[in-house]
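Dear colleague,

Please read the notes with the model open beside them.

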Amino acid sequence: MKNMVTDTHPTRENWLQELGNVITDPLALLSFLKLEKNIKLRQGAHARALFPLRVPIAFAEKMTPGDPKDPLLLQVLTLSDEFVHTSGFSADPLYEQAAVLPGLLHKYRNRVLMLIKGGCAVHCRYCFRRHFPYQDNKGSQVNREQVFNYIRKHTELDEVIFSGGDPLMAKDPELASLVTVLESIPHIKRLRIHTRLPIVIPSRITTRLCESFSNSSLQILMVTHINHPNEMDQTVYNSMYRLKQAGVTLLNQTVLLKDVNNNAEILAQLSNRLFNAGILPYYLHLLDKVQGAAHFMVEEHEARQIMKALLGQVSGYLVPRLTREVAGEPSKIPIDLQLLSYSAP
Ligand code: SF4
């Protein structure tokens, strides 16, 4: 499958145009997919008031017209289920709204998370930051100076994570200047970028971005967010190839989502496609219990069974770590699979 990589557009810089080419009206999305007559789906359109709908056309084109259960559609479509108030779910499941500084979270000892941009190219309905007060955490120049001073003072840090929203919403010159500041801080060795943007708009991986990564003295890791094999097409492969050429380590995290990917065959297919694109499956997260997303919940006992089946289908290095995040804990919590009495070959 190595020959799936064919980079025919090495200099594309049109991602900003694609970023503006989005569907924001749920009814327009239904119409785009020839589902405008589906009354149940139409009734869910009001949920845009809870969290706006946003879907790049390039991502909508990967969905199957006429299929109300398309796994990519289910991730982005407003549903009436979002109005159901579920006990145990909250607006801030990871207590993130207590940032140490505006735009900076310090949850784990050796690494901090910088909120680079509040916006995203796509709005995922299960997002644990769907209620996050981004307006209070804008990456203004003043905040950035405070953030960098904090990082300089905390010599126990060796890694900075760019998050958001989606950090790749920042334009290339802004990202390059942030990288330059981090390079000047001796104890920072690694930069990790968590992003979904190259999956929904693959042209985001520009020549300039790749150059700034390949010229950096930092080790650069990119953690893509891909939940279903249908999200990966030739354009995604090409972009990942360019990142690999720039020396970027590629990992993926997936959220386990009911009716989207809670199935070992789908996850096996995803792992294989990720590997073909040079990405290692890293985490499979249980859903963070954010209010409005309970209909995506896959319980832990089901997740264990899925993992058991997955272990029998792919090589051990293609099995992501099943984890959940618990507010206040010093790291993500791996879910012990030994209880399953099964090990990967
Ligand atoms: S791209 Fe990430 S941060 Fe943005 S809505 Fe989706 S899950 Fe949330």
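Cys-124 is buried, since its relative accessible area is 9% and buried stands for under 20%, exposed for over 50% and partly exposed for what lies in between (1.4 Å probe, protein chains only). This is a predicted model, in which local features need pLDDT of at least 70 and side-chain atom pairs count only at pLDDT 80 or more, while totals for chains, interfaces and linings use all residues. Residues are numbered from 1 along each chain as its sequence is written, and side-chain values use heavy atoms, with hydrogens and water left out.

Cys-124 sits in the loop between E4 and helix H6 (141–153), where helices (H or I, at least four residues) and strands (E, at least two) are DSSP runs numbered from the N terminus. Leaving aside residues up to four places away in sequence, Cys-124 touches Phe-51, Gln-75 and Arg-196, a contact being heavy atoms within 4.5 Å. Cys-127 also lies in the loop between E4 and H6, but it counts as partly exposed, at 22% relative accessibility.

In an unreviewed entry, UniProt places the feature "binding site" at Cys-120, Cys-124 and Cys-127; its positions are given in the numbering used here, feature names are shortened, and annotations may be inferred rather than shown by experiment. Cys-120, Cys-124 and Cys-127 are included in the lining of the largest pocket.

That pocket holds about 940 Å³ of space. The search ran on a 1 Å grid over the protein atoms alone, where a cavity is a set of points at which a 1.4 Å probe fits but cannot get out, a pocket is an open set with protein on both sides within 12 Å along at least five of seven lines, and lining residues have an atom within 4 Å of a point. Grid points are joined across faces, edges and corners, and a volume is the space filled by probe spheres set on the points.

The largest pocket is lined by 48 residues, and those nearest its centre are Phe-128, Arg-129, Ser-163, His-194 and Gln-253. Among the elements that give two or more residues to this lining are strand E4 (111–117), strand E5 (159–164), strand E6 (190–195) and helix H8 (197–200). By class, the lining has 24 nonpolar, 12 polar and 12 charged residues, with Ala, Val, Leu, Ile, Met, Phe, Trp, Tyr, Cys and Pro taken as nonpolar, Asp, Glu, Lys and Arg as charged, and the others, Gly among them, as polar.

The second largest pocket has a volume of about 340 Å³. It is lined by 14 residues, of which Lys-40, Leu-41, Leu-74, Leu-79 and Asp-81 are the closest to its centre, and helix H3 (residues 39–43) gives the most to the lining, with three residues.

For the chain as a whole, the secondary structure comes to 12 helices and 11 strands, and 53% of the 345 residues count as buried.

With best wishes
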